[in-house]
Amino acid sequence: METTPTFFAAHSDDDETPLLRDAVDGAVDYRGRAVARSASGGWRSAGFIIGVEVGERVAYYGICSNLINYLTGPLGQSTAAAAANVNAWSGTASLSPLIGAFVADSFLGRYRTIVVASLLYILGLGLLTLSAMIPSSGTTDCQSNGTIQAPSCFPPLHQVLLFFFSLYLVAFAQGGHKPCVQAFGADQFDGQNPEECKAKSSFFNWWYFCMCGGTLVALLILNYIQDNLNWVLGFGIPCICMAAALVLFLLGTKTYRYSFKSDERSPFLRIGSVFATAARNWKTTTMALVAEEESRGTLPYEGSGQFKFLNKALLSSDGSKGDGMVCTFGEVEEAKSVLRLAPIWATSLVYAVVFAQSSTFFTKQGVTMDRSITPGLNVPPASLQSFISLSVVLFIPIYDRVFVPLARGFTQRPSGITMLQRIGTGMFLSAVSMVVAALVETKRLETALEHGLVDKPNATVPMSVWWLIPQYVLFGISDVFTMVGLQEFFYDQVPNELRSVGLSLYLSIFGVGNFLSSFLVSAIAKATGGDGRDSWFANNLNRAHLDNFYWLLAGLSALELVIFLYFAKSYIYNRSRTT
């Protein structure tokens, strides 16, 4: 039996509920009534939600894209420590959606979770702006004199505590906002309707297109303000953008489609009980399972033959069908669909480690190079990340309007190629980007050596910062394939009630990837430094060896791609889903 939508209580007056010939199955309006296809959802509602995401991305990237320069500048941290802190914070921001999605899918619903998370987001950004307003004794003078390591040069402890509290409040709020907004946006399209099914596939492309548009604004405008004006304004504008995003989201309330909550058990409990029952019945014989399968006839579809150990949840501990102590066939298949995602999740982690470098070491490379456009006007190093977003913005229309129709003509698939083919293509491009990055860094080190700048870390290496653009562009194009592919895959291949959790699993890839990147950096710094040696990540990048690190990542990416292709080849898509 179906009950109320995820936010509003069902309307009690049955005579006010219109009889809708084009009602959307499984969805209601903001008052809990049957909803007409022509009067709700679709691109109109998705437009509000995409606008919210643009504002949120301006806020998020206004903080994270230049965070390493704030940590090494006003907060006086070393390059390695700052990179570790950035990776730790980014990892937390990417893992916290697991909590946010659980709260949304089990308790509050997506709409309420988005509203609450937005309010926390605004609070965190406001406190972050306040922390930047606190005067720091002598920090600016220390930076200009190159004596940042002196104890008197560090900011006061209360400023540091307020900064990191605010920063992690933003990460926590983003965890509730990110998975729910995208899932709620995709919910505005009915996957059972042929036209809306195609629109839903395009939604993920245009979602990422607009998201990168917001990122581009943050990188070009906010980074310039932070580097050339002040950090207070640089943090204050994201706070204003987030407040505007919340207002926009509320304006679309009456147009949205809301999902039902069923009277069935929580999907977390259903899936958990399958694993628990299967473990309890581990002694169940193969003969009992075969008899159960024969009683059902042929297996419903190919995927039913995978993870057969979970089929033990269909029987009681004595091998028979118990009353109330066994799981249904549908619950077992639901658990299998989640377990089937694990190899794809694991083999995407190296891609996430590579992804983490664009906001850390790529940015620090740019600091050392010639960034002049005209005399007196320099490119902010963090703004180079805008070429990732620009590549996405330029390439997604080509992908959606040219590549997909051409591929559709050959494959007869609505999306042109399968989701896993799309992800694998991006992984290959990611590995190529690391090769290019290693070659460019080798060239930069050679240039520094030729001009006698090895021991002059503050001198500008006479090599144009535009040399870095190819690696950023390759990053952007790989994102169009892998990032968007992962979003659609983890939304599409989980049970309907767990779609926020599905998207949080996709985000958790990058959370774990950031932590792995932080671990790699710390371990390599310790292994290659000490005893008077310069580590690969020395504060003086002219003595460091980022090129070796990039070659290592290129090798790991190639290995990851091989393993990914092995699992992708045997992956069985969920029935009734698009591939």
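Predicted model: local features only at pLDDT ≥ 70, side-chain atom pairs only at ≥ 80, totals over all residues.
1. The largest cavity holds about 470 Å³, and its lining counts 28 residues. Nearest its centre are Arg57, Tyr60, Tyr61, Phe355 and Met483. By type, the lining divides into 15 nonpolar, ten polar and three charged residues. In the structure there are four cavities of 30 Å³ or more.

2. How far apart are the end C-alpha atoms of helix H1 (residues 42-64)? They lie 32 Å apart, and this agrees with the 33 Å that 23 residues should span at 1.5 Å a residue. H1 is also mostly covered, with 17 of its 23 residues buried.

3. Next, the packing. The largest nonpolar core takes in 127 residues, and Trp89, Phe163, Leu420, Met434, Phe489 and Tyr550 have the most contacts inside it. Helix H7 gives the most to this core, namely eleven residues. Apart from it lies another core, of 13 residues, including Ile271, Leu310, Cys327 and Phe329.

4. Leu420 deserves a look in your viewer. Leaving out residues up to four places away in sequence, Leu420 touches Ile344, Phe489, Phe564, Ala568, Tyr571 and Tyr573. One of these partners, Phe489, is itself listed with Leu420 among the residues with the most contacts inside the largest nonpolar core.

5. Is helix H15 (residues 361-368) mostly covered or mostly uncovered? It is mostly covered: seven of its eight residues are buried. The buried residues of H15 are Phe361, Phe362, Thr363, Lys364, Gln365, Gly366 and Thr368. Note that Lys364 is on that list, if you are checking side chains one by one.

6. Finally, the overall picture. The secondary structure of the protein comes to 20 helices and eight strands. Of its 579 residues, 56% are buried. Among contacts with a separation of 6 or more, 80% are between residues 24 or more positions apart.

Notes. Residues numbered from 1 in each chain as written. Heavy atoms only, no water. Helix = DSSP H or I, 4+ residues; strand = E, 2+ residues; numbered from the N terminus. Expected span 1.5 Å × (residues − 1). Buried < 20%, exposed > 50% of the residue type's maximum accessible area, 1.4 Å probe, protein only. 1 Å grid on protein atoms, 1.4 Å probe; cavity = no way out; pocket = protein on both sides within 12 Å on 5 of 7 lines; lining within 4 Å. Points joined across faces, edges and corners; volume = space filled by probe spheres on them. Nonpolar A, V, L, I, M, F, W, Y, C, P; charged D, E, K, R; others polar. Core = buried A, V, L, I, M, F, W, Y, C linked by side-chain atoms within 4.5 Å. Contact = heavy atoms within 4.5 Å.
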